Amino acid sequence: MIVHRTCCFFLLFLLAVLCITTEIEAEESILAVPPIENFGRTEHQGGTQTWDVVQDKDGRMLFANNDGMLIYNGSEWSLIPLPNSTILRSIKVAEDGLIYVGGQGELGYFAPDHQGSLKFHDLTGTFSGKMPAFTDVWDIEFHHSALFFRTAEYVFRYAEGHLTTVMAGASHYMGKSGDQLFVQNQVGKLFLWTDREFQPYGISRFESEIKAIHSTQEGFVVFTRLHGILMLKDQEVKTIEHPIVSDLIRDRMYAAIKLQSGGYAIGTTLNGLIVLNAALEIEHHVTKANGFRNNNVLSIFQDSAGSLWLGFDNGIAKLDFASPFRNIVPSRQLEGAAYAAAAHHGQLYLGTSNGLYTCELSESGFLKGNQFKKVANSTGQVWGLDQIGSELWMGHHDGAFLITGDHAERISNSSTWKFTAVGDTAVIAGQYDGLSIYKKEQGEWKQSKVFEDFSESSRILELDGKRLWMSHPYRGVYSFDLSNQSDWKFFGEEQGLPSDLNNYVFSVDRRILIGTTKGVFELGEDNRFHLSSDLHQRLPEGERINYLSYDLNDRLWYASESCLGFLSMGTESDSQIFPEIKPQLVGGFELVYPLNQEGVLIGLENRFLQYATKALDESLLQQAPIIEKMSLTGDRDSLLYQGYGTRTPSTIHFATEENSVTFHFAFPNASTKIHFQTRLKGFEKEWSNASAQSQKSHSNLPPGEYSFEVRALLGAEKYSQIATQSFAIAKPWYLTNAAKFAYLLLTGAFIAILISMQRKRHLNEKQELLQQHKSEVEAKESDLAEGQAEIDKLRREKLEAEVEYKNRELASATLHLVQKNELIYKVQSKLNKLLHEESLDDTFVEQVQQTLSMIKTDADSEEHWVQFAQYFDQVHSDFLKKLRAQFPNLTQNDLKLCAYLRLNLSTKEIATLINISIRGVEGSRYRLRKKLALATEQKLSDFLQQI
C-alpha cells in the first residue's frame, strides 16, 4: 500500500514537471495579450479563492469569495460577508437588481435598504416544512420565472415566494444552454428540466464532471473536467478530434464560458486561461508565466464591455479585451527594453536590449503564429531597424547587420545606431564615433569613413535633400553637405534654438523639425530656426519634445516630458494623450512604429505595446457614473447613502453643523482607467480638472442648497451623462425666518418704547417750560401792576446793561428780551389800556408813552441781534466778522450759537435763549463742529476762545 502510494506521488511529480516544462516552452513569448490587472488579498481584502463572478445592472463586478461577496466598482473594493461568515460559492443577479447568493448552508439574496446598503435576506424560511440540511450551494440559475439552487445533496427551486426540493441526491453540475436547464447527477447522467421536474436526457452517461454546456448548430458542446471537450448530438455523447482536446485533458478544465464573439474562454487548473475561437483554435493563452499570478482558474465571466474576469485559487484578474492596447513580449526568459521594430517581407522584427526577434504577420498586418523566434547572430543590444530598398538593416552594439529571414549577417564591426539611404546606391550610417557610408561593390557592401574630422556619436539622423541632419542631446545639432565632406555646421542658440543642448532632430512630412525644451522649431528661409507655427499651439506648452513621427493614419505622435500622445493632422479633428504610458517609455529612445492602418507599436522598458484605434462605445455616452457612497465627515463620520437602489428623498437635509460631506463615485462599465470631473452647484461654477480620483470632499460649507454633479471623461472632449445628488444644509437657528420675525418684533417694540419715552420726556419738558413761562409772565404782570417804580427799575436795569455791556448777565437778559417779543407785546397791550384811564396824570401818561415807544423799538428782534452783533464784535475784537470770513457757510443761528458759547453760557441757558430743547442744542453743536471741521479730540469752546 505504501509502495503504491509512493509510485503515485512519483508519477504525479513527473507529470507536474512535464507540464511545467511544456508551459515554459509554450510561453517563450507573448503575442498581443490584452492588459492584465491582478488583484490579490492586498488589493481586495477578501479571501484567497473566488468561486463565481457576475456583473450587476450598474456595471459593478460581484465575486463569490471565501470571505463573502466582493464588490468592485472599477475604483474601489468592498466586502459583504454572509450572516454566518461562511464561504460564498455562487452568485446571480436578477433583472430587478436583487443579488441571489449561495454559501455553506446558506442561500438567500441581498437587497438594498433605505440607505442603499445591501442586506441579506434568508430564503430557507420559505421552505414548506422542515428545511433539509445541505452543504455548499454551487450553482444558481434563473429559468422560466423561477430560481434554481444546486447543492451537493439537492436541487432547490424558488418560485412564488416558496422554496421546494425538485431533485434529491448528489449532483455535479447545473447550468443553462439557451432556454434549456441541465443537471448532471453523481453517476454522470444528464437531466433536463421540463415544466415540473427534471427528466433524463439521452441514454449516454458522462464519465467526467461537466463544467459547461453550450449550444451550436450541430448540437451541444460539452466541456468536462477530465475528458476535455465532447459533443452532445441527438442525445448521444461523441468525442471531438482536435489537438486542443488532449491539451485540455492534461490541463484539467475547471470553468468554461461562451464568449460574445462566439468563441470560448476556458479556465484550467494547471495551465491558466485558454481563449478559443468558434473553430476551437487558440487565440490567447495566458498563464502565470505571461501575466497572471496563478494558474488555477476557478471561475470566468465576460462583462458588458467584453473583458474577461477570472477568479483564481488565489486572487482575481481582469483580462481587458476592451482596451485598445495589447502587450507583446518577444521573449519572457530574455525580457528586455524595446528599441526598434520593422515589418519586412511578411515578418515583424522587434529589436530589444537582448537581441532581435521575429514573428510572421498575417495579410492584414497582424501577428500570426504562436511565438517569436530569435534571429540568429543578433544577441546583444539592438539599436535600430531601417528598411532600405528591399533590405532590412540593423544597427547593433556589435556592428552593422543585414537581416534575411531569421538570420543576421554582419557587414561591419563598427557599433552603429541608425541607417539612412542616400540615393539608390549608398547608405549613411550613424555610429558611436561619427558617420560612415556604405556602397555596394560587386554585390557586397563596403564601408568607408566620411567627414573624417567629425567624431561625435551620431544616433539621431534625418536626411533633407542633399543635407544630412544629426542631433545629440548633449552635443548639439549638426548639418552635413553630402556633396562636400568638408562642409558641416553646428546649430544652437546663435541660430535661433533656445539652447545648445537637449535638441532632437526629426523629419516630418519632408520638414526638418527640432524638438527643444521650449517647443518645436523649424528652419526658416533665413537659415535660422523659429517656432513651428502650426505645431507650437497644439503640442504641450513649455515642455521638452523628445519624439515626433507620423503613423499611417496621418496622425503625428509625440513624446513630451509629461505624456505620450498623438495629433490628427488630417481633416478629422482627433487627439489623444496617454500620460500613464510616458513613465514606461525608454527615455531618449522613444519608439512609435506604424504597424498597419489600424495601429502602432510602442516601445516600453520591458515590452512592446500594440495600440489599435478603437471607436468609443457610444452607449457609454448615455450612461452616468454611479454615486457609490455619501457620508458626513468631521468629528463623527456618518454613512448617508451606500449607492444601491433609488435614493429617497432625492434631496438630503443636513443640520447646520453637518457641513462637511464626502462623495465616492465610479464608472464601472468603462474598460480603461476613467478620469472624472466634479462640480458642486451652489458653491462652484466651473467643472474641476479631470482626475482619476474617485472621491470628492467638501468641508465647512455655508448654509444653503447644493447639487453635487459628477461626469466621466471618456475621450477627447467626450463626457458621460451627469450623476447628481442634491442636499441642503440648514441655517442656524438665529438665521431662520422665525428668528428674523422675532428680531423684527423686538426691534419694533424697542423703537416704540424709545419713541414713547422721548415723547413723554418732551411733554414733561414742555410742561416745565410752560410753567416757567407762566411764572415769568405773572411776575412781569405783577411788576407792571406795582406802577411807575417798577418801570423805573426796568429802565435802570436796561441802562445798567448798556453800561455794563461786557457783563454776561446783561447780554443774556438783552437777548432773552429779544426772543420774548410775545411777552413784550402783552406788556405793550397792558400799557395801552392804562393810557385810557382818566385818573392818570399827564406826567405818568408821558412816561407810559415813552415806554411804549421803547417797547416798539425793542420788539424788532432782528434789529436787536444786529445791535447785539455790533456790540459783541466791539467787545470781542470782531469775533463774528472773523468767524464769517473764515467759515462763510455758517448761518445766522450758527453765529448766535458761537456767540453764546464764547460767553461761556451753559447748554440749558442757550436752549432757553434759542427756544429749543437741550438735545436740540447738542445737535446744533454737533452740526457746528462738522462745519468747523474740528477733530474729535478738540473742544468747541476752546476753539471759539482762540478766534
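**Close-up 1. Leucine 754 sits in helix H4, which spans residues 737-785.** Helices here are DSSP runs of H or I with at least four residues, strands are runs of E with at least two, and both are numbered from the N terminus. This is a predicted model, so to speak of local features takes a pLDDT of at least 70 and side-chain atom pairs count only at pLDDT 80 or more, while totals for chains, interfaces and linings use all residues. Residues are numbered from 1 along each chain as its sequence is written, and side-chain values use heavy atoms, leaving out hydrogens and water. With 42% relative accessibility, leucine 754 counts as partly exposed (buried is under 20% relative accessible area, exposed over 50%, partly exposed in between, with a 1.4 Å probe and protein chains only).

**Close-up 2. Asparagine 185 belongs to strand S16, residues 180-185.** Its relative accessibility is 10%, so asparagine 185 counts as buried. The side chain of asparagine 185 gets to the backbone nitrogen of valine 187 at 3.1 Å. Skipping neighbours within four places in sequence, asparagine 185 is in contact (heavy atoms within 4.5 Å) with Met167, Ala170, Ser171, His172 and Phe191.

Close-up 3. Not counting residues up to four places away in sequence, alanine 429 touches several others, among them Thr416, Phe419, Tyr438 and Leu461. Glutamine 447 is 18 residues from alanine 429 in sequence, and their C-alpha atoms are 9.3 Å apart.

**Close-up 4. Here are two of the aromatic pairs, out of a count of 58.** Rings of Phe, Tyr and Trp (its six-membered ring) pair if their centres lie within 6.5 Å; planes under 30 degrees apart are stacked, over 60 edge-to-face, and the rest tilted. Phenylalanine 182 and phenylalanine 220 have ring centres 5.5 Å apart and planes at 80 degrees, so they make an edge-to-face pair. This pair links distant parts of the chain, with phenylalanine 182 in strand S16 and phenylalanine 220 in strand S20 (residues 219-224), 38 residues apart. Both phenylalanine 182 and phenylalanine 220 are buried. Tyrosine 706 and phenylalanine 727 are stacked instead, at 5.4 Å centre to centre with 25 degrees between the planes.

**Close-up 5. Tyrosine 706 and phenylalanine 727 are also members of one aromatic cluster.** Tyrosine 706 is buried at 5% relative accessible area, and phenylalanine 727 is buried at 1%.

How values were computed
A polar contact is a pair of N or O atoms within 3.5 Å; within protein, one must be able to donate a hydrogen and the other to accept it, and residues adjacent in sequence count only if both atoms are side-chain atoms.
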